[in-house]
Amino acid sequence: MSILKLLNDEGFEVEAIQLGKITVKENPNNDYLKFEKNLNELGFELIKDPTKALVEKIKVNLIEHIEKNDTNVILAKLESEMGKSYSILSKTFSKSEGITLEKYFINLKIEKVKEYIQLQELNFSEIAYSLNYKNSSHLAKQFKQVTGMSMTDFKNLQIDNRKPLDEIV
């Protein structure tokens with residue numbers, strides 16, 4: 001909302017908005033340097049580096065799939081959705097973020113599991129099924145590996161120590 005307000009205040013015509021990406025109509029009268037400075041003051045940045053842009057696009061893509069509970073073979077789908085080979089995507093991501101693409105995706109899924117546990121609408125088997133785990137014991141093992149605690153322990157703690165999906169690295 002704050003970025004949209006900034007764009008409107010500065011006379012930019014917004015064509016499309018989605019997670020991590022805003023498209024504006026090209027206009028020579030717009031002051032892009034002033035906009036970038038004001039954007040930085042709000043804690044945001046324009047991504048100009050093609051590598052950073054690709055990594056951000058990968059993150060947005062994975063987050064969108066997690067939010068839609070579409071986690072079935074998503075890493076394999078990345079190639080077609082991003083228009084680059086998986087090998088290139090994986091190497092670029094790992095080099096930029098210091099974590100493998102697979103590990104990042106697992107971290108996203110574990111944060112989604114935490115959300116499900118806190119909502120208390122699904123049992124562990126249903127959570128595992130919704131995120132395309134083979135079974136709940138596979139999920140439980142991965143959860144403990146990532147968080148250091150069992151899902152039951154996490155549920156019993158009743159604390160909110162989840163990270164927003166866009167802050168996971």
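In which helix do Glu41 and Lys37 lie, and how many residues apart are they? Select both to find out. They sit in helix H2, which covers residues 32-41, and they are 4 residues apart, about one turn of the helix. Keep in mind as you look around that this is a predicted model.

**Stop 1: Glu41 and Lys37**

Zoom in on the two side chains. Glu41 and Lys37 form a salt bridge, and their closest N and O atoms are 3.1 Å apart. Side chains of opposite charge can pair when their charged atoms come close. Now show the surface. Glu41 is exposed, with a relative accessibility of 57%, and Lys37 is exposed as well, at 52%. Both count as exposed because the cut-off for that word is over 50%.

**Stop 2: Glu111 and Lys114**

Next, move to helix H6, residues 101-119, and select Glu111 and Lys114. These two are 3 residues apart, so about one helical turn separates them. Their side chains form a salt bridge, with the closest N and O atoms 3.0 Å apart.

**Stop 3: Lys112 and Glu115**

Stay in helix H6 and select Lys112 and Glu115, which are also separated by about one helical turn, being 3 residues apart. A salt bridge joins their side chains, at 3.4 Å from N to O. Lys112 is buried, with a relative accessible area of 5%.

**Stop 4: His65**

For the next selection, go to helix H3, residues 50-67, where you will find His65. His65 counts as buried, because its relative accessibility of 9% falls under the 20% cut-off. Which residues does His65 touch, leaving out those up to four places away in sequence? Show its surroundings and look for Asp70, Thr71, Ile74 and Glu81.

**Before you leave**

How many salt bridges does the count come to? The count comes to 6 salt bridges. Among them are the pair Glu41 and Lys37, the pair Glu111 and Lys114, and the pair Lys112 and Glu115.

Key:
Residues are numbered from 1 along each chain as its sequence is written. This is a predicted model: local features need pLDDT of at least 70, side-chain atom pairs count only at pLDDT 80 or more; totals for chains, interfaces and linings use all residues. Side-chain values use heavy atoms; hydrogens and water are left out. A salt bridge is a side-chain nitrogen of Lys or Arg within 4 Å of a carboxyl oxygen of Asp or Glu. Buried means under 20% relative accessible area, exposed over 50%, partly exposed in between (1.4 Å probe, protein chains only). Contact means heavy atoms within 4.5 Å.
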